[in-house]
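Biologist: I've got a structure open on my screen and I'd like to learn how to read it. Can you walk me through a few features?

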Amino acid sequence: MIYSEKVMEHFQNPRNVGVIKEADGVGQVGNPVCGDMMTFYIKVRDNRLSDIKFQTFGCGAAIAVSSIVSEMAMGKTLDEAMEITNDRVADELGGLPKNKLHCSNLGADALHKAIEDYRAKTKAQQKEEPVEKPSEKRDEERCCCPYCEGPLEGIEAVCEKCHVELGECPECGELTNKAEEKCTHCGARMKK
Amino acid sequence: MAATPLHPEALKAMLLYFESRFGNPQSLHSAGQEASEAVAQARQKVAALIKANESEILFTSSGSETNNFAIKGLALANKNRGTHLVLSAIEHQSVLNSAKNLEKFGFRTTLAPVDQTGLVNPEDVQKSLTKETVLVSVMLANSEVGTIEPISEIAKVCRSQNILFHTDAVAAVGNIPVDAERLGVDALSLAGDQFYGPKGSAALYLKKGTRILPFIDGGIQEGGRRAGTENVAGIVGLGEAAEIAAKEMDSRLKKSMALRDKLLEALPQKIEYTILTGHREKRLPHHASFCVEFIEGEAMLLNLDMKGIAASSGSACTSRALKASHVLLAMGLDHATAQGSLVFSFLEENTPEDIDYLLEVFPPIVERLRQMSPLYTQYLEEKKR
């Protein structure tokens, strides 16, 4: 089995699946080009996450990550929830296969985006200004950094988001971390 | 495509060559000659399966090696005739990447498109040919979508212009009747693990008189074109599997086609928004493939595996490279749909009851994953994809 027991357990019995119709914040990340898409819905009461629901289109790891993120964040204050990092998510799941680590980033990102959405809305309400919607345009052909899921345009040398230096593997043509000795996709030695 | 288990008869024949008959076929002592005789017999059996001459069979170690051998060996040995290659867009990675590697040696490649059923149009191949074209390679059958290509028509196009033609028949040989001469190909790849032979056993059919660059330089094994001590047990197992496949071809075909047609018909009826991938009629007899919309392949595979069903997928998450299948994209499917790719292949041991079981356990899995999918919710709300 490529996944830990805990990943499989959350994959089979994901917690908090669903949609909150009157959500206080919504966050969506990913796109089908990269394989995974997640939407997080949150309810906020007294600055705490009183309810969280999610929907995920994606692999076993993506579903397990969404589930555990919702569990880790439930009842936490917004600031505490913003501190949930990708590493903590992967650790909590007993580790993820290397090429699935980007899934753990998606989960926390979607939650953080939902919180940011809530904060933007409440701020706008206080100022009684129209809500400025963050652009939700899904760019079909754009792909993401394989390490942090930050958007990439073409083949960039450095991912703007996680600052990993990326290079195209000379053998398989996939984007991979230049600092690695071997391509994470095909195992070929990277030319320095 | 899924590997097949080793046929018990093949295993029995192989064991002898791991145990008592361990001679090197190149040795002159009697143990060596015994092994040499076994290799010769296996060569005859593999040749018989594809109606070829035994001198036209070169043993190799895998389908991928065979494709590398064919593409690189034919292109480089005939470079004086031109440096342009034509491949179909849905070839196996071992063909595509061999051609990519040849770019370092001055070759360039044109990919011929496929239609939405995965079929290559011989006219498109013809249009891609230039004065520089030295080699064309189109697979006989695609392992992801099952489509069987019009190989003899494409071969005719190539022959009329004196261009070499190779077909990757790894998914086809042993599962459908293949006649190398009637297909009119110059080279053909086959692999034992696709028809109940052992892994590590494969062969290249090379038409008599065709020039090829040796793939492994060394001794005189395989006519000096693929040196190295023969994998005697593997070759013997491949020979046995070929002999059994030839003998049982008709009954296997009939049985697996019944299972395939049952599943192809019933699954889209049982599960809404399921698309058949590949050609409905021109397809491998033991192959059924679909795209289940709004959900992702790996999540389906994991769930099916827990129910004892082994399937495969061309979704990005399933591939280690995290890229959706180039085959499905070449057929014009969008990324989201391609992520829901699912491939079933049938073994001899499968029965109609197995299909019933699949049809029983699979719909709830799909339903559960769809309930989780933001794409499905979005579709239900907006009624558009």
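Biologist: Is the crossing of helix 9 of chain B and helix 12 of chain B left-handed or right-handed?

Modeller: Keep in mind that this is a predicted model. The crossing of those two, helix 9 of chain B and helix 12 of chain B, is right-handed.

Biologist: At what angle do helix 9 and helix 12 of chain B pack?

Modeller: In general, a pair of packed helices is described by the angle between the axes and the distance between them. Here, helix 9 (residues 297–306) and helix 12 (residues 352–372) of chain B pack at about 140 degrees, and their axes are 10 Å apart. Angles over 145 degrees would count as roughly antiparallel, and helix 9 and helix 12 of chain B are therefore oblique to each other.

Biologist: Which residues make the contact between helix 9 and helix 12 of chain B?

Modeller: Helix 9 of chain B puts in B:Ala299, B:Met300, B:Asn303 and B:Leu304, while helix 12 of chain B brings B:Phe362, B:Ile365 and B:Leu369. Sorted by class, that contact has 6 nonpolar residues, 1 polar and no charged ones. As for spacing, an α-helix has 3.6 residues a turn, so residues three or four places apart point the same way.

Biologist: How many residues of helix 9 of chain B are buried?

Modeller: 7 of its 10 residues are, so helix 9 of chain B is largely enclosed by the rest of the structure. The buried ones are B:Gly297, B:Glu298, B:Ala299, B:Met300, B:Leu301, B:Leu302 and B:Asn303. They pack against helix 1 and helix 2 of chain A, plus strand 9, strand 10 and helix 12 of chain B. After helix 9 of chain B comes B:Gly308, with a positive phi near 80 degrees.

Biologist: How about B:Pro374: which residues is it in contact with, leaving aside neighbours within four places in sequence?

Modeller: B:Pro374 is in contact with A:Met37, A:Thr39, A:Gln55 and A:Phe57. B:Pro374 sits in helix 13 of chain B and has 20 other C-beta atoms within 10 Å, so it is buried. B:Ile295 is 79 residues from B:Pro374 in sequence, yet their C-alpha atoms are 9.3 Å apart.

Biologist: And how many residues does the largest nonpolar core have?

Modeller: As a general idea, nonpolar side chains in soluble globular proteins tend to be buried together. The largest nonpolar core here has 156 residues, and those with the most contacts inside it are A:Ile42, A:Val65, B:Ile50, B:Ala203 and B:Tyr205. Helix 8 of chain B gives the largest share of this core, 12 residues. Beyond its neighbours within four places in sequence, A:Ile42 has contacts including A:Ala23, A:Leu49 and A:Tyr118.

Notes: Residues are numbered from 1 along each chain as its sequence is written. Chains are lettered from A and ligands numbered from 1 in the order in which they are written. This is a predicted model: local features need pLDDT of at least 70, side-chain atom pairs count only at pLDDT 80 or more; totals for chains, interfaces and linings use all residues. A nonpolar core is a set of buried Ala, Val, Leu, Ile, Met, Phe, Trp, Tyr and Cys residues joined through C-beta atoms within 7 Å. A residue is buried if 20 or more other C-beta atoms lie within 10 Å of its own, exposed if 12 or fewer, and partly exposed in between; C-beta atoms are placed from the backbone. Helices (H or I, at least four residues) and strands (E, at least two) are DSSP runs, numbered from the N terminus. Two residues are in contact if their C-beta atoms, placed from the backbone, lie within 7 Å. Axes are lines fitted to C-alpha atoms, for helices over the stretch in contact, and angles run from 0 to 180 degrees between N-to-C directions. Angles under 35 degrees count as roughly parallel, over 145 as roughly antiparallel, 65 to 115 as roughly perpendicular and the rest as oblique. A crossing is left-handed if the near helix is turned anticlockwise from the far one by less than a right angle, and right-handed if clockwise. Ala, Val, Leu, Ile, Met, Phe, Trp, Tyr, Cys and Pro count as nonpolar, Asp, Glu, Lys and Arg as charged, and the others, Gly among them, as polar.
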